[in-house]
Every structure is written in C-alpha cells, then in structure tokens.
Amino acid sequence: MEKKQIDWENLDFGYIRTERRFVTNYKDGAWDAGGLTEDANVVINECAGVLQYSQSCFEGLKAYTTEDGRIVTFRPDLNGQRMEDSCRRLEMPVYPREKFVDAVMQTVKANAAYVPPYGSGATLYIRPFMFASGPVIGVKPADEYQFRVFTTPVGPYFKGGVKPLTIRISDFDRAAPNGTGHIKAGLNYAMSLHAIVDAHKQGFDENMYLDAASHTKVEETGGANFIFITKDQKVVTPRSGSILPSITRRSLMYVAKEYLGLETEEREIYKEELADFAECGLCGTAAVISPVGKIVDHGTEICLPSGMADMGPVTKKLYDTLTGIQMGRIEAPEGWIQEIR
Ligand SMILES: *Cc1c(COP(=O)(O)O)cnc(C)c1O
C-alpha cells in the first residue's frame, strides 16, 4: 500500500477529506447493513432532529503506525461502550459496540494510505458519530438516525516542543449535576464555545470548570480530564458524575499503578487544594497529556512547581509509557491494542 504524499510533520489538527467513510442508517426500528462510501456529504431534511434539537453524539480515537509497521487502534471497544451510553441518555438507538469496532476497523483499513508513518508524530484521527436524521418538530426523539465514521490525518500535537498551558477557573459551567456531562454529546460542546472563545480573548489556553452545584470542586476542561500529581508522587483525578470518562485518563491511571508503581486515587478535589499539587495535566485522545503550568483563579495565580518550560517528571513518565504502549514500543495490557488486518 502506497502512502499518500502528505507533509505529516506539519499537519494541523484539522479536517482533511480521506477516501472512504462508513455509513449506516436506522429506519423502521433497525440499522441497515451499512458499508463504505466515497461520498463525504450528508443530505438530510431541513427538519432533521439533529438540526432542530441537537440530537447527536460522537466519539474520537486514533490509529497509529507502530514501530514494526502495523496499523493499530487503542481500546476502540471503550469508545464503542461510551457511545452506547451516550445514545441511551439521548434516546438514540444504540449501535452495538462490536459493530462499532468493526466499522472503525473497516474505515481505517479503507484509508490505510492516510495513516501517518511511525516516527512522524502524526496520527489518523477517527471520528465515529451519530445524529437524528428524521424530521421532528414536536419535541421528541426522531425515528431515523445515521451513524458514520470518517478519518482525518492530524499532525503532532506538540509541534516545536511541549508548552505548558495557562488555564483559568471559569465562571461558566460545563455540566449540571444529573445532566449530560458524562456523555459525549455535541450539545456539551456547543455551549462551551462561548467560554473558550472568551478564555482565549483573555489570554488563557483553557477553562477549568468547577462543579456547577457548589463551585468548590474541580471537574474538567471543555474536552479533557485532569490528573494531578501530589508532592509525594500520588496520581489523583477528580471524581464526579458530571465528568466525561476519558479513556486516556483511565488508561493513564492504570499505567501509573501497574507500570510505574505509583499510588493512584480518584476522589473529590477541592479548589483550595490546587496550590498543593506538584504537577497538573489535561488528558484526552488529542494530546494524551498536556501539562498545565499555571492556573489563574480570578487574578490569583497558582504556579505549578513543574514550571512553564516542560512537562513535570511524573507527567513525562506517564506520557512516555502510554505513548510507548500505543506505538508498540512497550508491551500493552491484554486487549488494549487492536491491529487492523
Ligand atoms: C472526549 C472528551 C474527553 C477525553 O476523552 P478521551 O477518551 O481520553 O479522548 C474529556 N472530556 C470531554 C468533555 C470529552 O468530550
């Protein structure tokens, strides 16, 4: 298979149309057989549920070329499970996780020429998503849906080196208790756009959202979970019912315990504790971990001891171990790596 002529090292995190995508439609209570198509456009009725009442959810994962030249994905079954959970909460039909994984594998295989080579730092981003395609005007779930998977090559996240982020504690809320914060709904992102545009205007890279009920506990950013390293090297992450359960964060907590022998803890984390941590990182598929150097709480700066020049030492070890597992340099736990054949 001949790779596409793409300047892999200089790709952004953006959309590049690749050759084929997977499409299946839900109608009369059942999913059709589905299959690959070259048509990148979706044609739907003006009254489609997704357009009127935002009934949609999505997933995000990556395909990598390993050191020995295999194409693999990382824990796609967990994305499939999470999409099932999202669908149930949004009254959308479930697309079973086994079929989800198969659709992901088929799509990556069909676009193998776009999977960046090992060592380029680039990856093939995979976007499975589902939306209500049937018309609704009275507020209710639609009768028809489409599930699609497309891929787009994306560049190295830390181009020109790691730069720790400066984030602010936001006065906006991301997710209500008993709301939709724990599922990957498009609507969670629509309403976070104002907060992130405002944060950027004020010179911050990201928003740290607190729990909406009391504004005392750390939740997450718009699209990444937090991990913190204590001064005695414990890895802690916030516990809350309104945080999106990041697969990267769950994998890092496992790596911390089982590969690095560190103590780990998932618990409520109060805003007052932030000044006591040694390191802080944002976890998600896009960057694996982005280190945070500074947290600003309404003018009060909390400077993490790891500083503004590099990742903290524990964050770096976690990052190197997880990316080593993903790229096939370090042996993966059973079932984490799914090879595309
Ligand atoms: C997708 C997402 C994450 C990261 O999850 P991963 O599975 O690690 O990519 C974190 N927070 C939110 C709100 C998200 O939507």
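Colleague: How many residue pairs are in polar contact across the interface of domain 1 and domain 2?

Modeller: This is a predicted model, and its protein chain is divided into domain 1 (8–154) and domain 2 (165–326). Between these two domains the count of salt bridges is zero. For polar contacts, with both residues at pLDDT 80 or more, the rule finds ten residue pairs.

Colleague: What area do domain 1 and domain 2 bury between them?

Modeller: The centres of the two domains, taken over C-alpha atoms, are separated by 26 Å. The contact draws 22 residues from domain 1 and 21 residues from domain 2. Carbon and sulfur atoms account for 64% of the buried area, which comes to about 1,700 Å².

Colleague: Which element supplies the largest share of the side of domain 1 that touches domain 2?

Modeller: At least two residues of that side come from each of β4 (56–58), β5 (61–65), β6 (71–74) and α2 (76–89). By class, the side has ten nonpolar, six polar and six charged residues. The largest share is six residues, and the element supplying them is α2.

Colleague: How far apart in helix α2 are R88 and E84?

Modeller: R88 forms a salt bridge with E84, with the closest N and O atoms 3.4 Å apart. R88 is partly exposed at 47% relative accessibility, whereas E84 is buried, with a relative accessible area of 5%. Both residues lie in helix α2, where about one helical turn separates them because their spacing is four residues.

Colleague: How many residues apart in sequence are the parts that K217 and E268 tie together?

Modeller: The closest N and O atoms of the salt bridge between K217 and E268 are 3.2 Å apart. K217 lies in the loop between β10 (206–208) and β11 (225–229), and E268 in the loop between β13 (264–267) and β14 (279–284), so the parts tied together are separated in sequence by 51 residues.

Colleague: Which residues do salt bridges that share partners join into one network?

Modeller: By the rule applied, the count comes to 23 salt bridges. Salt bridges with shared partners form one network, whose members are K234, E263, E265, R267 and E273.

How values were computed. Residues are numbered from 1 along each chain as its sequence is written. This is a predicted model: local features need pLDDT of at least 70, side-chain atom pairs count only at pLDDT 80 or more; totals for chains, interfaces and linings use all residues. Side-chain values use heavy atoms; hydrogens and water are left out. Domain bounds come from an automatic or database domain assignment. Contact means heavy atoms within 4.5 Å. Buried area is the accessible area (1.4 Å probe) that two parts lose on being put together, summed over both. A salt bridge is a side-chain nitrogen of Lys or Arg within 4 Å of a carboxyl oxygen of Asp or Glu. A polar contact is a pair of N or O atoms within 3.5 Å; within protein, one must be able to donate a hydrogen and the other to accept it, and residues adjacent in sequence count only if both atoms are side-chain atoms. Ala, Val, Leu, Ile, Met, Phe, Trp, Tyr, Cys and Pro count as nonpolar, Asp, Glu, Lys and Arg as charged, and the others, Gly among them, as polar. Buried means under 20% relative accessible area, exposed over 50%, partly exposed in between (1.4 Å probe, protein chains only).
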